[in-house]
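Here is a quick tour for anyone opening this structure for the first time. Keep the 3D view handy and follow along from stop to stop.

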Amino acid sequence: MRTVLVTGPGGAGRTTLAAATALAAAASGRRTLLVSAEPIPGFPAGPEPTAVTDTGTEATAVTDRLDHARIDSGAHFRAELTELQQRASGVLDLVGAGRLDGEELTELPGSPQLALLHALHRAAAGDWSTAGYDTLVVDLPPLDQALALLALPEQLRRYLRRLLPAERQAARALRPVLAQLAGVPMPAQWLYEAAARKDEELAAVQALVEDASTTLRLAAEPGPAAEDALRTARTGLALYGLRADLLVANRVLPRHSSDPWFADLAAQQEKCLGHWHEEWAPHVPVHEAAHLGRDPRTADDLAALAVPAPDERGPGRVEDPWWIEEEPGEEGPGEEGRPSVLAWCLPLPGAAKEELRLVRRGEELLLTVGPFHRIVRVASALRRCTVSGAALTDGVLRVRFTPDPALWPRTS
């Protein structure tokens, strides 16, 4: 299944672009599912995939190929918390806790992100995955939130492994003894089972995000604010190994106007578009969607944006961007077959040195670049080394490792 994740700076029309992309995919002959948390004029608003009937005068043939599902984060939150109360009923009764009814539950911050992850799981490995869709288009939150959301499955799986290691389930027979020794009850089996289910769901979403047929599609209205946001996003895309297949410059004004106010705004847009074509176009096409003079309300309006349908397979996800270089130290080549210095390299376009933080902890490297954070497992050849420095030069991060003589194998 070809997956297109649509995002962009707030107010740039990303939901409109997602709908236009889904319509173009369906018009090209592919069965398409559009998932969005926002209402779309003319599209059904139910939480289950429902056929889109408002396809305009020129696209009536796509009615049997385009479905839309709108995410209801409030309903998802209530369902999840109600199920948790049922599973933990024994513990709740033991401490005399009162149950919360679904009608009194108020959605908490963070629930929209979890509801979106749940929808992605249903599309990747759940009940929606059996419907035979060729293309999945997902309307993500604004750009900064979207990149954090796409990194969330990997992070949550790591938390689950640390808090509830799977190997501890093997000690179920010892739990009564351990409870007596520790003086506190051991976690119940249902907790491990729930963690295993969540890990399986998160693994399916992570696999979807990392799949070679998954790409991001960016929507932005040309201007200084969007230019800064996209420059920051390039760093996040590189850190997480994501690839964009298209940058849509939305609401582009006519180049020539007799009105001085419109002429100045068009000139500002043209300057920004020149930068985008220079920075993005070598690797990511830039599509200019003309301003319609109104907000798109119908499928014909969406078609007028002329947003291209995603390629059937897409450019694919970026392969592992890290590579290792051997560097001679000041004292020359290492002794006994050891390299003098190894540099672990990662391209980070747009990154600033003052916003970069690195921490080595065991076999992991904790990397923070501006608002983005990722924990990566150190390459096997570098686990026998100690970190001796790092540098950010020409948009490439180089973390220098010095082999530890006590751990590096000796040669005869």
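## Starting at E279

E279 is partly exposed, with a relative accessible area of 27%. Buried would need a value under 20% and exposed one over 50%, so E279 falls in between at 27%. You'll find E279 in helix α9, which covers residues 260–279. One thing to keep in mind as you look around: this is a predicted model.

What does E279 touch, once residues up to four places away in sequence are set aside? The partners are R231 and R234. Take the pair E279 and R231: along the sequence they are 48 residues apart, while in space their C-alpha atoms are 9.1 Å apart.

## The chain as a whole

Now zoom out. The protein chain holds ten helices and 15 strands. It has 412 residues, and buried ones make up 41% of them.

The accessible surface of the protein chain is about 21100 Å², with 54% of that belonging to carbon and sulfur atoms. As for contacts with a separation of 6 or more, 70% of them are between residues 24 or more positions apart.

## Two helices side by side

Two packed helices are described by the angle between their axes and the distance between the axes.

Sorted by class, the contact of α5 with α8 has eight nonpolar residues, one polar and no charged ones.

Next, look at helix α2 (residues 73–87) and helix α4 (residues 111–124). These two pack with their axes 9 Å apart, at an angle of about 85°.

The contact of α2 with α4 divides into four nonpolar residues, four polar and no charged.

Head over to strand β8, residues 286–290, where H287 sits. Is H287 buried or exposed? With a relative accessible area of 16%, H287 is buried, because the cut-off for that is under 20%. Setting aside residues up to four places away in sequence, H287 touches L246, L247, V248 and A249, and also L305, A306, V307 and P308.

One of those partners deserves a second look. The backbone oxygen of A306 lies 3.2 Å from a polar atom of the H287 side chain. A306 itself is in the loop between α10 (299–304) and β9 (323–327), and at 48% relative accessibility it counts as partly exposed. Its phi is near 55°, a positive value in a residue other than glycine.

R2 lies in strand β1, which spans residues 2–7. How accessible is R2? Its relative accessible area is 2%, so R2 is buried. The R2 side chain reaches the backbone oxygen of D311, at 2.8 Å.

## The loop between β14 and β15

The last stop is the loop between β14 (385–393) and β15 (396–403), where G395 is found. D394 lies in that loop between β14 and β15 too. D394 counts as exposed, at 77% relative accessibility, whereas G395 counts as partly exposed, at 25%. D394 also has a positive phi, about 55°, although it is not a glycine.

Which residues does G395 contact, leaving aside its neighbours within four places in sequence? They are L346, P347, L348 and P349. With P349, the C-alpha atoms are separated by 4.7 Å, though G395 and P349 are 46 residues apart along the chain.

Definitions and conventions
Residues numbered from 1 in each chain as written. Predicted model: local features only at pLDDT ≥ 70, side-chain atom pairs only at ≥ 80, totals over all residues. Heavy atoms only, no water. Helix = DSSP H or I, 4+ residues; strand = E, 2+ residues; numbered from the N terminus. Buried < 20%, exposed > 50% of the residue type's maximum accessible area, 1.4 Å probe, protein only. Polar contact = N/O pair within 3.5 Å; in protein donor to acceptor, adjacent residues only side chain to side chain. Contact = heavy atoms within 4.5 Å. Nonpolar A, V, L, I, M, F, W, Y, C, P; charged D, E, K, R; others polar. Areas by Shrake-Rupley, 256 points an atom, 1.4 Å probe, with all protein chains shown as cover. Axes fitted to C-alpha atoms, helices over the stretch in contact; angles between N-to-C directions.
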